[in-house]
Amino acid sequence: MWSLGFIALIRVSILLAFASLISSLEPQLGSTRVVFQTNYGDIEFGFYPTVAPKTVDHIFKLVRLGGYNTNHFFRVDKGFVAQVADVANGRSAPMNEEQRRVAEKTVVGEFSDVKHVRGILSMGRHDDPDSGGSSFSMLLGNAPHLDGKYAIFGKVTKGDDTLAKFEQLPTRTEGMFVMPTERITILSSYYYDTETENCEQDRSILKLRLAASAVEVERQRMKCFP
């Protein structure tokens, strides 16, 4: 008969093999990280370029152009989603020509087998499966009914505590949407590459500069576009 120690070793080996299989089924995050600085804290996320390459390219271009700055989360449905408004209508600051041109583009629906669980980034769209624009959701819980119907393109890597703060805010219901009664503003955003950068101090300085810049943009908006 096998010894108890040998049986335990076999069980551990099986568990490790199973864990390895599950890990291999998870999509690989790219090295790019984006940080949204909101009035309730920061949220960092990464992309799945092998899962939804066109969606990733589109969203990241909007980030690089500063398209999400002064935008907001118009929807917070506790345990379900926190949804970023579309850039064309959600910003408090006016857009320049290039921002508007990119924001008005749509991308094809890159549906996959990746599951909708907490932290996943999922594109918003209309009935047309190829109508994804610039609005997307950060999942606040598991939503299997969305699997295969909405394009997943990344996941939150830091800032779940910020999402938890969103969930504690008072809300109102308008039609199918549960919306916060207080504006959750994306004050500014920045991005970096985890493989080529290791400069925490520089990033801290940049964050302060971006925050100051966001305040100045809002001041100018209030002055020129009351």
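How many salt bridges does the structure hold? Five are present, a salt bridge being a side-chain nitrogen of Lys or Arg within 4 Å of a carboxyl oxygen of Asp or Glu. The model is predicted, with local features requiring pLDDT of at least 70 and side-chain atom pairs counted only at pLDDT 80 or more, while totals for chains, interfaces and linings use all residues. Residues are numbered from 1 along each chain as its sequence is written, and side-chain values use heavy atoms, with hydrogens and water left out.

Glu167 pairs with Arg118 in a salt bridge whose closest N and O atoms are 3.1 Å apart. Glu167 belongs to helix α5 (residues 160–167) and Arg118 to the loop between α4 (97–103) and β5 (120–123), so the pair ties together parts 49 residues apart in sequence. Helices (H or I, at least four residues) and strands (E, at least two) are DSSP runs, numbered from the N terminus. Glu167 is buried at 13% relative accessible area, whereas Arg118 is partly exposed at 30%; buried denotes under 20%, exposed over 50%, and partly exposed the range in between (1.4 Å probe, protein chains only).

A further salt bridge joins Glu104 and Arg100 (3.8 Å, N to O). Here Glu104 is exposed, at 53%, and Arg100 partly exposed, at 37%. Arg172 and Glu174 also meet in a salt bridge, at 2.8 Å from N to O; Arg172 is partly exposed at 35%, as is Glu174 at 40%. Through shared partners, salt bridges link Arg118, Asp160 and Glu167 into one network.

Helix α2 covers residues 53–64. Its buried residues include Val56, Ile59, Phe60 and Leu62. Just after α2, Gly66 adopts a positive phi of about 80°.

Definitions and conventions: Expected span 1.5 Å × (residues − 1).
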